[in-house]
Structure formats: C-alpha cells, structure tokens
Amino acid sequence: MRNRLLIGLIILGVCLPLFSCTSSQAKLDAHATQVAWEIYTTLTAAPGTPTPLPTYTAAPTSTLTPTETDVPSIREVSPVAPLTGMPQGTDGYPWWNDSVFYEIFVRSFYDSDGDGIGDIQGIIQQLDYLNDGDPDTTTDLGITGIWLMPINPSPSYHGYDITDYYDINPEYGTLDDFKNLLDQAHARGIRIIIDLVINHTSRLHPWFLQAGNPASPYHDWYIWSDTDPGYVGSWGQQVWFPHGGRFFYSTFSANMPDLNFNNPQVTTQIQDIARFWLEEIGVDGFRLDAAKHLIKVGTIQANSAPTHDWWKAFRLFYKQIRPQAMTVGEIWDDPHITAAYIQDGEFDLSFDFYLAHFFLEGLNAANPEKINTQIKLFYDLVPPGQFATFLTNHDQDRVMSLVFDQDEKAKAAASLLLTAPGLPFIYYGEEIGLQGELANNWNRRPMQWSEDVNAGFSSGTPWTPLGPAWENYNVARQTEDPHSILYHYRDLIRIRSEHAALRVGDLTVVKVTETALYSILRVSNAEAVLILINLSDEPLSGFWLTKSGSSLAEGVYYPVPIWGQGTFAPIAVNANGGFFHLMETPVIPPYGTIILQMQRGED
C-alpha cells in the first residue's frame, strides 16, 4: 500500500503542472490538493481523529503502510430489504423514503373516451404500465407513488385556479372514478397525492364572485385595498388588480385572487377541504402549491413568519386525521429558506430546486462540483433523507430538451436522480425522452404511447399537438429496445427497490482524481453502495477514490456490481471509515453508471 500512496501522490504531482495549462487552474489545483489531503488523512489519521481541511496548498507525504488487500474472489449481489407491495419504510424511515413518485398532468396522460383530453379512467387503464403489482415482472416502470397535478374543476387547462375544492374536473371524470383510481392504485402498491392549491382560488370561484360585495361574508376571505398600494410582488410582478372600484391582491395573475389567511374562517375552510380528501376520499397526502406565499405582511410576500406558523398548525391538523399522510412543499427558494419548512415541522418534505438545476448543469458541464456541494448542503440541512429530488417538472423545460436531445445524457440524468438520497419524482414522459420547452407550454404535451395515430394518446384530436419525434420516443418502441431511456429508468427503479442503501442510505461525497466523475457512497443499516457516474462524453478509467471518513466500518470491502460489469479490486477501509483506492478497471463509458455493493470481507 505504501507503493500505492507514492504512486497516487506522484500522479498528483505530475498532474498539477498539466492543470496549469487549462483555463480553470485554480479550481483544478484546489481539487488535486483536496484529493491529496484526503489521501494523506485517510492513511495517517488515528481512529476517531477528526481531519479538517488544510489551509495550505502543498500536498503532504505519508509514512503509514496499511495492509495490502487480497485478490478479489467471485461474489454475487445480494438484495437487501427489497420492497414487496406497498412501501412501509426501512431502517425506521417513513414510507415515502422507500418510494419513487411519478408526476402526472391528467389532461396529457391518456384519453380513454376519445375527446382528446386525458382523464382518470385513462390513468386507470395505464396503471399496469406504471406498476402492475407483481414484483416478479420487469415490464412495468415500478413507481410506487403518483402526484396528480390539479384535478378539481377549473376554467383553465392547467387547473391551478380552482372553482370547487370538493369535486373532480368534469373533463377528467367523477369522484367515483377517482375513488376507483385510488383503489386500483393501492392494490398495486401505489400511493396517490394530489395538488393542494390553497394560496389562491379562481376568479370564477363562487367565494370570489360574492366577495366583490363588501357586505358579503366572503369579502374578507380575500385581500382588498381601497386604492392601489403600488408595490410589486417578490419577482417584480403586478400583484394588485382593480375590481368593482377597489383592488384585490393576487400573487400570480388577475385570474387567481389570493385567499386571506389572516381570516380564521379561511383556515377552517381549508382544514375541511384537507379532511375531505384525506378522510372521505382517501388520498395519501398533498403537494403544497405556492406554499411560501400564504400570508403577506405588508410588502413581505414570501416566507413570512405567519406563513411558517400556519403550516405548523396545518401539519398538526392533518396528522391527527391521517398520521401517515405525506406533504411535500413547493418552496422555490434559497436552500436554507427551503430547509426551514422541514426543520420546523411544517412539511414532511420539500422539493430541492437547486439540486435539480445542478444535476443538469453539472451533467452538461461534465463537472459534478456544484452537484456535490448542493446535495451535501441540503442533506445536512434537513433530517436525513427528508427532501424531494427531481430533474424538471411542469414549470420547467423538459430534461430531454435541456440535455440537447442526447439519449445517453438523459440516462445519466436518471442515474443522478435515482441513486441520490431523498424521495425522487419523475415527470411523466421523462422516462421515454419526451421533449418540450416551457414556452407555449410544450413541456405539458400528450404522453407518447405508441407509433399509432396521435401517438396512442387519443382516438380523437389531442387537446394540444404532439411533441417532436414521437414516432421514435414512445413507450411501445422503447419497451422493445434494451438500450432505451425507458429500460434505463425501469432498471434503476427496480434496483432502488431491491437495495435499502439506495433508498435510505446516508450520504458521503467521495473525492476522485477525475473531474468528470460523480461519486457518492450510501450506507444503510445493512448495506453499503458506491455509485460512480461519468458525466462526460469520454470513457474514464485509472482514477483514485478517496475519503478521510465515512460511516463504513473498518475492514476490507469487495465491490460487486449491481449495475455495470467487471471485476473490482477490494477496498481497505480504516477505523475512520476512510479509504484510498485506485480504480483501475473497468472503463466507465461516456455517461455511464456503475453501482457497486460494498460487501465486507470476513474479519
């Protein structure tokens, strides 16, 4: 091992002058120095000794010679705490940490009656595509949760301005249809959460239609001013709109007046809505739309203290009705602001918008630096694993468009998502490479099922045109292609369901000497998994992996491929959980993924 150490430091010494020829010398120098320090501290630290980063740049040398490991023997992967049926939770984590969710825009998923609009019966008919309920089959996607975008009556195509909180949009079906969907989904091990849009209503909601009259009991359910206060919203948008000689407040548009949560009657009404869907209908939770805007305090229009207080009280309310109900908040903000909603017991989870952005930015830049920083930051800010991950959603350009229509990049993005801690959400069609930008709402176009007329979405005229290249990017075609994006998603979800460490394992970001390689270690109570993802269009091999400390117990570990092929040399781990290892074989192909089960040898 002394020779390995010398070789590693020699490599770094040779590489540093070469790095100076690049335009990012400072970053590369710092990266190489960091790796050298990790190598040094891994080999020299006494058990339990903390190893802070150095404040100087010279890479130190070592005098320690750990014991050499043996040549690896043939080993097989063993599933650890595989899921069967409805996820219940592993290692003391909630059920949602065992889940993979799928976001559905009902209008665009599947049309069962030929009117060109997707509907609830359409979802029921396609449930076997999402999860057929049989753990022995591999032809379904394997998701265990569905988030439905708004399903309530609404005058808009998107549904985020609601006119009746106690019913289903008639274009989508009926309450009986929805109850049937819940029963069918639950029978397959799928939970369903719905969008709870309570920051605002539709301008056509009966409450607002009456609220224009100052004598109406609904007048104070909204926010009014005799004159235009003149200030703008949190991103510079107009927020005060004329109505009947007065002005009402709206965060998003003149068609979506905000409710007044300083009025206790509004809170009582919202609690009744939540009780209705949880208790009478049986949904499994809510996605909380526009959650940071709830209560305004003068010109403070986001993340106000009363907003935090309201969500705390709401959580206590719905947990009394259904303790296992889950909420995930939409807080598109600085990670520290977002984390506060979870730290203070307001939501179960919140979406990490920054990580979603950096997943794709890092992939396009072939550099995981920002991914590593953000994933560790948010993991450390919130209770372990209590955040929601995603790549894009209905308010963003689609993944395939952001990776410039490159299939292999789309697969690498899926690998980043489905091997990370937290609860992953997949936007419908992402798994087949559906394309589309937010402009003109092309990111919400119909699901592409086959090469048949209208991509198999509808026997009628679709409510909006199909996306490009649907003849190639559809479920039927990709089901037959083992190299397709769909196959990649299916296999990753299946592997995640079979390995506890990929669902509830902790997080250690591993240092590497290859700047295009993303590497994390995840350790659960009974399993350790090492993930390597090549973010570049070049094959990678012959790099060093090093970490001064982790939750691995001391010993020798044999890396056995869960995903990928090859024979890997054993890795020696010291008493701090640190390791220093030269990964010589095999080559990781461009945008390739290797997932290794770290099997500990005999003591």
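1. At 39% relative accessibility, Arg 477 counts as partly exposed. The class runs between buried (under 20% relative accessible area) and exposed (over 50%), using a 1.4 Å probe and protein chains only. The model is predicted, so local features need pLDDT of at least 70 and side-chain atom pairs pLDDT 80 or more, while totals for chains, interfaces and linings use all residues. Residues are numbered from 1 along each chain as its sequence is written, and side-chain values use heavy atoms, with hydrogens and water left out. Arg 477 forms a salt bridge with Glu 451, whose closest N and O atoms are 3.8 Å apart. This pair links distant parts of the chain: Glu 451 is in the loop between β11 (423–427) and α14 (475–479), Arg 477 is in helix α14, and 26 residues separate them. Glu 451 has 48% relative accessibility, so Glu 451 is partly exposed too.

2. **Salt-bridge rule and count.** A salt bridge here is a side-chain nitrogen of Lys or Arg within 4 Å of a carboxyl oxygen of Asp or Glu. The count under this rule is 22 salt bridges. Side chains of opposite charge can pair when their charged atoms come close.

3. Arg 287 and Glu 330 meet through their side chains in a salt bridge of 3.4 Å, N to O. That pair also links distant parts of the chain: Arg 287 sits in strand β7, and Glu 330 in the loop between β8 (326–329) and α9 (335–343), 43 residues apart. Both Arg 287 and Glu 330 are buried. A network of salt bridges links Asp 195, Arg 287, Asp 289 and Glu 330.

4. **The sheet.** Eight strands make an open sheet, with parallel pairing, in the order β9-β8-β7-β3-β2-β1-β11-β10. At the edges are β9 (349–350) and β10 (388–390), each pairing on one side only. Helices (H or I, at least four residues) and strands (E, at least two) are DSSP runs, numbered from the N terminus. Two strands count as paired if DSSP finds at least two bridges between them.

5. **β7 and its partners.** What does Leu 288 of β7 pair with? Its bridge partner is Leu 196, and Leu 288 also stands opposite Gly 329 in β8. β3 and β7 run parallel and are joined by 3 bridges. β7 and β8 pair in the parallel sense over 4 bridges. β8 is covered on both faces: Met 326 and Val 328 are buried on one side, Thr 327 and Gly 329 on the other. In a regular strand the side chains alternate between the two faces of the sheet.

6. **Helix α7, geometry.** α7 (residues 264–281) has 18 residues. It reaches 25 Å from first C-alpha to last, close to the expected 26 Å, where the expected span is 1.5 Å times one less than the number of residues. α7 bends by about 25° at Arg 275; the bend is the angle between axes fitted to the seven residues ending there and the seven starting there. Just after α7, Gly 282 takes a positive phi of about 100°.

7. Buried residues of α7 include Val 266, Ile 270, Ile 273, Phe 276, Trp 277 and Ile 281. Among the elements covering the buried residues are α5 (175–187), β3 (191–196), α6 (206–211), β7 (285–288) and α8 (305–321). Contact means heavy atoms within 4.5 Å.

8. **The Arg 275 pair.** Which residue meets Arg 275 in a salt bridge? Asp 272 does, at 3.2 Å, N to O. Arg 275 is partly exposed at 21% relative accessibility, and Asp 272 is partly exposed at 28%.

9. **Two loop residues.** Arg 188 lies in the loop between α5 and β3. Arg 188 is buried, with a relative accessible area of 18%. Not counting residues up to four places away in sequence, Arg 188 touches Leu 127, Asp 128, Asn 131, Asp 132 and Gly 133. Gly 89 is in the loop between α2 (25–44) and β1 (101–104) and is partly exposed at 29%. The C-alpha atoms of Gly 89 and Val 504 are separated by 8.9 Å, though the residues are 415 apart along the chain.
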